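The structure under study is placed below.

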Amino acid sequence: MSQIIEHIVLIKVKDDSSPSKINSMVDGLNSLISIDNVLHLSSGPTYKTKSTSSFNFTHMVHGRFKSKEDLENYLGHSEHSRVVNETMELYEDVMLVDWVADLNEPLVVPSGAVIRLSLLKLKEGLVECEKTEVLKVIGGIKDHFGSIKQFTFGENFAPAKTNGFSIASLAVVPGLSELEALDLNEEVVKEQKEKLKDFLENVIIVDYVVPPAEKTA
(Lines give C-alpha, C1' and ligand atoms only; values in the text may rest on other atoms or scores of the structure.)
Protein backbone atom coordinates (compact mmCIF):
# COMPACT_ATOMS: atom_id res chain seq x y z
CA MET A 1 0.00 0.00 0.00
CA SER A 2 1.34 3.43 -0.96
CA GLN A 3 0.50 6.91 0.23
CA ILE A 4 -0.78 9.38 -2.34
CA ILE A 5 -2.43 12.80 -2.48
CA GLU A 6 -5.99 13.00 -3.79
CA HIS A 7 -6.74 16.37 -5.42
CA ILE A 8 -10.29 17.41 -6.30
CA VAL A 9 -11.56 20.62 -7.88
CA LEU A 10 -15.33 21.07 -8.08
CA ILE A 11 -16.57 23.73 -10.50
CA LYS A 12 -19.95 25.24 -11.17
CA VAL A 13 -19.87 27.00 -14.53
CA LYS A 14 -22.08 30.00 -15.14
CA ASP A 15 -25.44 29.22 -16.69
CA ASP A 16 -24.80 31.48 -19.67
CA SER A 17 -21.48 29.86 -20.59
CA SER A 18 -21.33 28.71 -24.21
CA PRO A 19 -20.83 24.97 -24.92
CA SER A 20 -17.70 25.72 -26.96
CA LYS A 21 -16.07 27.60 -24.08
CA ILE A 22 -17.02 24.82 -21.65
CA ASN A 23 -15.49 22.21 -23.97
CA SER A 24 -12.32 24.29 -24.24
CA MET A 25 -12.20 24.53 -20.45
CA VAL A 26 -12.43 20.75 -20.06
CA ASP A 27 -9.82 20.16 -22.78
CA GLY A 28 -7.48 22.63 -21.10
CA LEU A 29 -7.89 21.05 -17.68
CA ASN A 30 -7.28 17.57 -19.11
CA SER A 31 -4.12 18.78 -20.86
CA LEU A 32 -2.56 19.40 -17.45
CA ILE A 33 -1.78 15.68 -17.17
CA SER A 34 1.34 16.54 -19.20
CA ILE A 35 2.84 18.36 -16.19
CA ASP A 36 5.64 16.38 -14.53
CA ASN A 37 4.75 14.07 -11.61
CA VAL A 38 1.00 13.99 -12.24
CA LEU A 39 0.13 10.35 -11.58
CA HIS A 40 -3.45 10.60 -12.80
CA LEU A 41 -5.74 13.39 -13.95
CA SER A 42 -9.19 13.57 -15.48
CA SER A 43 -11.75 16.29 -15.90
CA GLY A 44 -15.30 16.40 -17.18
CA PRO A 45 -18.94 17.04 -16.35
CA THR A 46 -20.40 15.67 -13.15
CA TYR A 47 -23.10 13.01 -13.43
CA LYS A 48 -25.05 14.09 -10.37
CA THR A 49 -24.67 16.31 -7.30
CA LYS A 50 -26.63 15.78 -4.10
CA SER A 51 -26.36 18.24 -1.24
CA THR A 52 -28.16 19.15 1.96
CA SER A 53 -27.68 22.78 0.90
CA SER A 54 -27.56 24.63 -2.43
CA PHE A 55 -24.28 23.34 -3.87
CA ASN A 56 -24.65 22.11 -7.46
CA PHE A 57 -21.36 21.55 -9.23
CA THR A 58 -21.28 20.97 -12.98
CA HIS A 59 -17.68 19.79 -13.48
CA MET A 60 -14.95 17.98 -11.59
CA VAL A 61 -11.19 17.58 -11.80
CA HIS A 62 -9.57 14.55 -10.13
CA GLY A 63 -5.82 14.31 -9.81
CA ARG A 64 -3.41 12.06 -7.95
CA PHE A 65 0.10 12.90 -6.80
CA LYS A 66 2.88 11.11 -4.97
CA SER A 67 3.41 13.90 -2.43
CA LYS A 68 2.22 17.31 -1.26
CA GLU A 69 5.34 18.76 -2.88
CA ASP A 70 4.34 17.33 -6.28
CA LEU A 71 0.85 18.81 -5.84
CA GLU A 72 2.32 22.21 -4.96
CA ASN A 73 4.58 22.08 -8.02
CA TYR A 74 1.57 21.24 -10.20
CA LEU A 75 -0.50 24.10 -8.77
CA GLY A 76 2.39 26.52 -9.25
CA HIS A 77 3.25 25.37 -12.77
CA SER A 78 2.97 28.03 -15.48
CA GLU A 79 0.72 25.83 -17.63
CA HIS A 80 -1.69 25.29 -14.74
CA SER A 81 -1.79 29.04 -14.13
CA ARG A 82 -2.43 29.69 -17.83
CA VAL A 83 -5.38 27.28 -18.03
CA VAL A 84 -6.95 28.60 -14.83
CA ASN A 85 -6.56 32.23 -15.91
CA GLU A 86 -8.07 31.49 -19.32
CA THR A 87 -11.10 29.66 -17.94
CA MET A 88 -11.91 31.33 -14.61
CA GLU A 89 -14.38 33.69 -16.29
CA LEU A 90 -16.67 30.66 -16.64
CA TYR A 91 -16.60 29.79 -12.93
CA GLU A 92 -19.54 30.68 -10.75
CA ASP A 93 -18.27 28.60 -7.82
CA VAL A 94 -15.18 26.51 -7.04
CA MET A 95 -14.38 24.14 -4.18
CA LEU A 96 -11.02 22.51 -3.44
CA VAL A 97 -10.47 19.22 -1.65
CA ASP A 98 -7.07 17.61 -0.97
CA TRP A 99 -6.27 14.72 1.32
CA VAL A 100 -3.57 12.18 2.07
CA ALA A 101 -4.72 8.68 1.17
CA ASP A 102 -3.52 5.09 1.38
CA LEU A 103 -4.00 3.20 -1.88
CA ASN A 104 -2.89 -0.23 -3.00
CA GLU A 105 -4.87 -0.36 -6.23
CA PRO A 106 -3.82 1.05 -9.64
CA LEU A 107 -3.34 4.82 -9.51
CA VAL A 108 -5.17 5.48 -12.78
CA VAL A 109 -8.96 5.33 -12.60
CA PRO A 110 -10.13 3.70 -15.87
CA SER A 111 -12.44 5.45 -18.30
CA GLY A 112 -16.06 4.48 -17.80
CA ALA A 113 -15.61 3.94 -14.08
CA VAL A 114 -17.68 6.07 -11.74
CA ILE A 115 -16.35 8.10 -8.83
CA ARG A 116 -18.55 8.93 -5.88
CA LEU A 117 -17.06 11.83 -3.94
CA SER A 118 -18.50 12.46 -0.47
CA LEU A 119 -17.71 15.66 1.42
CA LEU A 120 -18.58 16.19 5.07
CA LYS A 121 -18.85 19.44 6.99
CA LEU A 122 -18.70 18.74 10.72
CA LYS A 123 -20.71 20.57 13.33
CA GLU A 124 -18.77 23.20 15.23
CA GLY A 125 -17.40 22.26 18.62
CA LEU A 126 -16.74 18.58 18.00
CA VAL A 127 -13.96 17.18 20.15
CA GLU A 128 -11.13 15.13 18.70
CA CYS A 129 -12.60 11.76 19.68
CA GLU A 130 -15.82 12.62 17.80
CA LYS A 131 -13.86 13.52 14.67
CA THR A 132 -12.01 10.22 15.04
CA GLU A 133 -15.34 8.39 15.22
CA VAL A 134 -16.49 10.04 11.98
CA LEU A 135 -13.29 8.96 10.23
CA LYS A 136 -13.71 5.44 11.60
CA VAL A 137 -17.23 5.16 10.19
CA ILE A 138 -16.14 6.57 6.81
CA GLY A 139 -13.17 4.23 6.69
CA GLY A 140 -15.42 1.21 7.15
CA ILE A 141 -17.74 1.98 4.24
CA LYS A 142 -15.87 -0.16 1.70
CA ASP A 143 -16.46 -3.28 3.81
CA HIS A 144 -20.23 -2.94 3.26
CA PHE A 145 -20.16 -2.56 -0.53
CA GLY A 146 -18.44 -5.26 -2.56
CA SER A 147 -18.73 -3.29 -5.81
CA ILE A 148 -16.34 -0.57 -4.58
CA LYS A 149 -13.00 -1.23 -6.29
CA GLN A 150 -11.07 1.69 -4.79
CA PHE A 151 -11.76 3.68 -1.67
CA THR A 152 -9.81 6.50 -0.04
CA PHE A 153 -10.67 9.00 2.66
CA GLY A 154 -9.02 11.65 4.80
CA GLU A 155 -9.02 15.17 6.18
CA ASN A 156 -9.06 18.06 3.74
CA PHE A 157 -5.84 20.09 3.86
CA ALA A 158 -6.63 22.47 0.98
CA PRO A 159 -5.66 25.99 2.11
CA ALA A 160 -8.70 27.79 0.67
CA LYS A 161 -12.10 27.44 -1.02
CA THR A 162 -13.13 24.50 1.17
CA ASN A 163 -16.43 25.99 2.40
CA GLY A 164 -15.72 24.29 5.72
CA PHE A 165 -15.87 20.72 4.37
CA SER A 166 -13.12 18.99 6.30
CA ILE A 167 -13.52 15.27 5.54
CA ALA A 168 -13.66 13.61 2.14
CA SER A 169 -13.99 10.13 0.72
CA LEU A 170 -13.72 8.79 -2.81
CA ALA A 171 -15.23 5.49 -3.96
CA VAL A 172 -14.66 4.01 -7.41
CA VAL A 173 -17.13 1.52 -8.91
CA PRO A 174 -16.97 -0.09 -12.37
CA GLY A 175 -19.99 1.70 -13.87
CA LEU A 176 -23.36 3.34 -13.46
CA SER A 177 -25.21 0.12 -12.66
CA GLU A 178 -22.90 -0.49 -9.69
CA LEU A 179 -23.39 3.13 -8.62
CA GLU A 180 -27.17 2.65 -8.60
CA ALA A 181 -26.72 -0.53 -6.58
CA LEU A 182 -24.98 1.46 -3.84
CA ASP A 183 -28.10 3.54 -3.33
CA LEU A 184 -30.40 0.53 -3.50
CA ASN A 185 -28.69 -0.99 -0.46
CA GLU A 186 -30.97 1.12 1.70
CA GLU A 187 -30.43 -0.70 4.98
CA VAL A 188 -26.67 -0.14 4.97
CA VAL A 189 -27.03 3.47 3.75
CA LYS A 190 -29.50 4.19 6.56
CA GLU A 191 -27.18 2.59 9.11
CA GLN A 192 -24.24 4.77 8.02
CA LYS A 193 -26.37 7.94 8.12
CA GLU A 194 -27.60 7.06 11.61
CA LYS A 195 -24.04 6.71 12.88
CA LEU A 196 -23.01 10.11 11.52
CA LYS A 197 -26.09 12.32 11.82
CA ASP A 198 -25.18 13.84 15.21
CA PHE A 199 -21.78 14.98 13.91
CA LEU A 200 -22.62 16.51 10.52
CA GLU A 201 -23.75 19.98 9.53
CA ASN A 202 -23.70 19.44 5.77
CA VAL A 203 -22.99 16.75 3.17
CA ILE A 204 -22.20 16.95 -0.54
CA ILE A 205 -22.15 13.87 -2.78
CA VAL A 206 -20.83 14.22 -6.32
CA ASP A 207 -20.97 11.38 -8.87
CA TYR A 208 -18.58 11.61 -11.82
CA VAL A 209 -18.09 9.28 -14.80
CA VAL A 210 -14.42 9.14 -15.81
CA PRO A 211 -14.22 10.26 -19.48
CA PRO A 212 -12.65 8.24 -22.30
CA ALA A 213 -8.91 7.79 -22.00
CA GLU A 214 -8.10 9.72 -25.15
CA LYS A 215 -9.47 12.86 -23.51
CA THR A 216 -7.07 12.56 -20.58
CA ALA A 217 -3.97 11.56 -22.54
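I began with pLDDT, the predictor's confidence in each residue, from 0 to 100. The protein averages a pLDDT of 93, and 98% of the residues score at least 70. The model is predicted, so I note that local features need pLDDT of at least 70, side-chain atom pairs count only at pLDDT 80 or more, and totals for chains, interfaces and linings use all residues. Residues are numbered from 1 along each chain as its sequence is written, and side-chain values use heavy atoms, with hydrogens and water left out.

I took helices (H or I, at least four residues) and strands (E, at least two) as DSSP runs, numbered from the N terminus. Confidence is lowest in helix 6 (residues 186-196), at a mean of 86, and highest in strand 4 (residues 59-65), at 98.

I looked up the UniProt record, an unreviewed entry, which annotates "domain: Stress-response A/B barrel" over residues 5-99 and 114-208. Such annotations may be inferred rather than shown by experiment; feature names are shortened, and positions follow the numbering used here. Residues 5-99 are 34% helix and 39% strand, with end C-alpha atoms 6 Å apart. Residues 114-208 are 34% helix and 33% strand, and their end C-alpha atoms also lie 6 Å apart.

I then examined nonpolar cores, sets of buried (under 20% relative accessible area, 1.4 Å probe, protein chains only) Ala, Val, Leu, Ile, Met, Phe, Trp, Tyr and Cys residues joined through side-chain atoms within 4.5 Å. The largest has 24 residues, of which Leu10, Met95 and Leu119 touch the most other members. Strand 5 supplies the largest share, 5 residues. A second, separate core of 22 residues includes Phe151 and Phe199.

Definitions and conventions. Buried < 20%, exposed > 50% of the residue type's maximum accessible area, 1.4 Å probe, protein only.
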